[in-house]
Amino acid sequence: LKEAIRLDPQCPVFHENLSRVYVRTGRLDLAVASLRKSLAIPGSRKTHETRFWLAQVLYEQGNLEEALREQTRGLEQDSTNGREHYKRGFVLHRLDRLPEAVSEYEKAIQLSPENFMPYTSLGDLLFSLGGKERGEQLLLKAAELAPLSPLPCFTLARCLSGQRRHDDAIA
């Protein structure tokens with residue numbers, strides 16, 4: 001890939017592919033640098049996808065504010081992507097920007113109603129904020145959407161146990 005970039009440094013695909021190899025080998029700083037080079041190439045197409053990938057790598061590095069900025073920039077170009085709204089909500093949640101996280105999770109549910117993850121995260125968050133009834137409904141919906149995933153059921157059981165509803169948690 002480095003040879004391909006040397007031969008054609010203006011090809012964003014080469015930089016993006018190199019970033020994926022860097023991530024697989026744990027060299028996140030080099031992945032970020034490669035993605036930034038890709039975004040700097042004039043006329044790059046699908047920059048929202050590159051920004052989403054960069055946001056993921058920055059998140060893995062623990063650079064939550066930078067990850068949020070890139071996620072936001074990507075969503076400015078592709079505002080109907082429910083999965084990425086969910087990821088933005090997750091970063092906001094981690095940054096303790098809870099009202100914004102709730103809004104992003106709700107938007108993710110609106111855009112991708114078949115994805116159980118926003119229901120799970122929003123249900124968990126609402127439970128922690130005192131919205132136990134709505135939180136429980138969302139977690140039950142998540143379990144319905146993903147009957148083979150233990151995550152919604154485990155999350156609901158943890159929330160119910162926290163309310164001392166042990167029999168419901170066991171069920």
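This is a short tour of one predicted model, stop by stop.

**Before you start**

Residues are numbered from 1 along each chain as its sequence is written, and side-chain values use heavy atoms, with hydrogens and water left out. Because the model is predicted, local features need pLDDT of at least 70 and side-chain atom pairs count only at pLDDT 80 or more, while totals for chains, interfaces and linings use all residues.

**Stop 1: the whole chain**

Show the chain as a cartoon. You will find 11 helices and 0 strands. Both kinds of element are DSSP runs, numbered from the N terminus: helices are H or I with at least four residues, strands are E with at least two. Follow the chain from the N terminus and the elements read α-α-α-α-α-α-α-α-α-α-α. Now switch to the C-alpha trace. Along its principal axes it spans about 65 × 30 × 25 Å.

Next, colour by burial. Of the 171 residues, 44% are buried. Buried means under 20% relative accessible area, exposed means over 50%, and partly exposed lies in between (1.4 Å probe, protein chains only).

Among contacts with a separation of 6 or more, 43% are between residues 24 or more positions apart.

**Stop 2: the largest pocket**

Select Glu16, Arg20, Lys46, Glu49 and Thr50. Of the 18 lining residues, these lie nearest the centre of the largest pocket. Which elements give two or more residues to the lining? They are helix H2 (12–24), helix H4 (47–61) and helix H6 (82–94).

How is a pocket found? On a 1 Å grid over the protein atoms alone, a pocket is an open set of points where a 1.4 Å probe fits, with protein on both sides within 12 Å along at least five of seven lines; lining residues have an atom within 4 Å of a point. The volume here is about 310 Å³. It is the space filled by probe spheres set on the points, which are joined across faces, edges and corners.

Colour the lining by class. It has 5 nonpolar, 4 polar and 9 charged residues. Asp, Glu, Lys and Arg count as charged; Ala, Val, Leu, Ile, Met, Phe, Trp, Tyr, Cys and Pro as nonpolar; the others, Gly among them, as polar.

**Stop 3: salt bridges**

Side chains of opposite charge can pair when their charged atoms come close. A salt bridge is a side-chain nitrogen of Lys or Arg within 4 Å of a carboxyl oxygen of Asp or Glu. The whole structure has 13 of them.

Select Arg36 and Glu66. Their side chains meet in a salt bridge at 2.7 Å, N to O. Arg36 is in helix H3 (residues 28–40) and Glu66 in helix H5 (residues 64–77), so the pair ties together parts 30 residues apart in sequence. Arg36 is partly exposed, at 35%. Glu66 is partly exposed too, at 29%.

Move to Arg51 and Glu70. This salt bridge is 2.6 Å, N to O. It links distant parts of the chain, from Arg51 in helix H4 to Glu70 in helix H5, 19 residues apart. Are these two buried or exposed? Arg51 is buried, at 14%, and Glu70 is buried, at 4%.

Now pick Lys87 and Glu84, a salt bridge of 3.6 Å, N to O. Both sit in helix H6, 3 residues apart, so about one helical turn separates them. Lys87 is partly exposed, at 25%, whereas Glu84 is buried, at 2%.

**Last stop: a network**

Select Arg36, Arg51, Glu66, Glu70 and Arg73 together. Salt bridges that share partners join these residues into one network.

Definitions and conventions: Contact means heavy atoms within 4.5 Å.
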